[in-house]
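Please take a moment to look over the model shown here before reading on.

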Amino acid sequence: MTDPAKVRRHAERIRELVASVVRSQIKDPRLGMITITDARITADLRDATVFYTVLGDAAAQSSTAAALESAKGMLRSTVGKALGLRHSPTLTFVLDDVQDQVKHIDDLLAAARTADAEVQRLAATAQYAGEAQPYRVDEDEEGTEDSAAEAGDEPRGGDRR
């Protein structure tokens with residue numbers, strides 16, 4: 001079994017190495033404004049997944065993905081040499097769509113806020129559908145139950161032992 005702390009350290013090191021190499025050594029014009037956000041590696045240290053974001057539209061994202069795929073061999077050899085492992089991990093690049101998810105969640109929260117405001121507006125002018133006291137209370141029954149309790153009689157439905 002591999003130590004989880006060791007796996008996390010290797011994943012963090014892979015993220016730093018890939019970011020450094022992308023910034024300094026890859027001169028591909030297709031590479032856009034890229035940020036390496038995370039890296040994860042399997043417990044056997046053979047496969048690594050690198051998450052990245054790209055500033056721009058879908059065309060910039062697809063061209064950056066193509067540039068990363070073409071530079072995958074150089075990145076893998078650099079990572080393998082720096083980590084000093086027996087086997088260099090294979091690299092898989094995944095577009096991190098956190099920004100899209102954040103925008104979607106913000107839109108959902110804004111819709112919830114407007115719905116809550118509408119409910120509060122309607123509740124401010126709302127009135128009860130019936131009377132304030134919805135249960136009928138007979139004056140006679142109320143007086144007899146009180147007098148029975150005062151007299152020490154057992155209430156109806158009580159446990160008789």
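Is E69 buried, partly exposed or exposed? In this predicted model, E69 counts as partly exposed, because its relative accessibility is 43%, a value that lies between the limits of 20% and 50%. The partner of E69 in a salt bridge is K72, and the closest N and O atoms of this pair are 3.1 Å apart. K72 is likewise partly exposed, with a relative accessible area of 24%.

Another of them joins the side chains of R13 and E16, with a distance of 3.9 Å from N to O. These two residues are three apart in helix α1 (residues 4-24), so about one helical turn separates them. R13 is partly exposed at 36% relative accessibility, and E16, at 39%, is partly exposed as well.

E118 and R121 form a salt bridge whose closest N and O atoms are 2.5 Å apart, and E118 counts as partly exposed, its relative accessibility being 35%.

The protein chain averages a pLDDT of 85, and 86% of the residues score at least 70. Confidence is highest in strand β3 (residues 90-95), at a mean of 94, whereas it is lowest in helix α5 (residues 139-151), at a mean of 57.

Note on methods
Residues are numbered from 1 along each chain as its sequence is written. This is a predicted model: local features need pLDDT of at least 70, side-chain atom pairs count only at pLDDT 80 or more; totals for chains, interfaces and linings use all residues. Side-chain values use heavy atoms; hydrogens and water are left out. pLDDT is the predictor's confidence in each residue, from 0 to 100. Helices (H or I, at least four residues) and strands (E, at least two) are DSSP runs, numbered from the N terminus. A salt bridge is a side-chain nitrogen of Lys or Arg within 4 Å of a carboxyl oxygen of Asp or Glu. Buried means under 20% relative accessible area, exposed over 50%, partly exposed in between (1.4 Å probe, protein chains only).
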